[in-house]
Amino acid sequence: MLNLDYRDARPIYEQVRDGLRRLMVTGAIREGEKLPSVRTLASSLAINPNTIQRAYEALEAEGYLYSVPGKGSFAAPHTGVDRGRREELLVRFDAVTAELLYLGVGGEALVARVRALEGGESA
């Protein structure tokens with residue numbers, strides 16, 4: 001499910017957050033699906049439960065999951081993603097796109113990749 005890289009400069013909670021976000025975005029974790037409990041995931045990854053809790057809180061703040069007291073954490077509907085996160089990603093997209101254009105990747109090739117992603121294909 002999640003792979004942690006202890007040589008990665010990012011803190012473990014960020015790796016967990018990013019890994020769970022990737023699983024939600026790719027559909028491996030579906031909307032409304034219950035995520036593992038903090039203790040279960042911490043045990044399976046052999047890390048401190050506080051680290052998982054911090055990752056879950058960050059994902060909830062971004063709109064990727066929601067918590068139900070006494071029931072657990074669930075993948076949020078796609079409409080729940082925070083506007084700030086969208087803007088952050090669009091700024092990164094613009095920067096990467098500008099660099100790709102500078103490196104000679106044509107606009108049509110970029111559009112084709114976006115369309116392939118939109119259609120669920122590999123680009």
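Figure 1. The structure is a predicted model. Arginine 10 pairs with aspartate 18 in a salt bridge, with 2.4 Å between the closest N and O atoms.

**Figure 2. Aspartate 18 and arginine 21 in helix H1.** A salt bridge links aspartate 18 to arginine 21, with 3.1 Å between the closest N and O atoms. About one helical turn separates the two, because they are three residues apart in helix H1. Both aspartate 18 and arginine 21 are buried. Through shared partners, salt bridges connect Asp8, Arg10, Arg17, Asp18, Arg21 and Glu62 in one network.

**Figure 3. The salt bridge between aspartate 5 and arginine 7.** A search of the whole structure gives seven salt bridges. One of them joins the side chains of aspartate 5 and arginine 7, at 3.8 Å from N to O. Aspartate 5 is partly exposed, with a relative accessible area of 33%, whereas arginine 7 is exposed, at 78%.

**Figure 4. Helix H3 and its two sides.** Helix H3 covers residues 49-62, 14 residues in total. From its first C-alpha to its last it reaches 20 Å, close to the 20 Å expected at 1.5 Å a residue. Thr51, Ile52, Ala55, Tyr56, Ala58, Leu59 and Glu62 are the buried residues of H3. The packing partners of the buried residues of H3 are helix H1 (12-25), helix H2 (38-45), strand E1 (65-68), strand E2 (72-75) and helix H4 (83-102).

**Figure 5. The two ends of helix H3.** At the start of H3, a side-chain oxygen of asparagine 48 comes to within 2.7 Å of the backbone nitrogen of asparagine 50. After H3 comes glycine 63, which has a positive phi, near 95°.

**Figure 6. The surroundings of tyrosine 56.** Tyrosine 56 is part of helix H3 and counts as buried because its relative accessibility is 3%. Leaving aside residues up to four places away in sequence, tyrosine 56 touches Leu20, Leu35, Pro36, Ser37, Val38, Leu41, Leu65 and Ser73. Tyrosine 56 and valine 16 are 40 residues apart along the chain, with 8.7 Å between their C-alpha atoms.

Technical notes. Residues numbered from 1 in each chain as written. Predicted model: local features only at pLDDT ≥ 70, side-chain atom pairs only at ≥ 80, totals over all residues. Heavy atoms only, no water. Helix = DSSP H or I, 4+ residues; strand = E, 2+ residues; numbered from the N terminus. Expected span 1.5 Å × (residues − 1). Buried < 20%, exposed > 50% of the residue type's maximum accessible area, 1.4 Å probe, protein only. Contact = heavy atoms within 4.5 Å. Polar contact = N/O pair within 3.5 Å; in protein donor to acceptor, adjacent residues only side chain to side chain. Salt bridge = Lys/Arg side-chain N within 4 Å of Asp/Glu carboxyl O.
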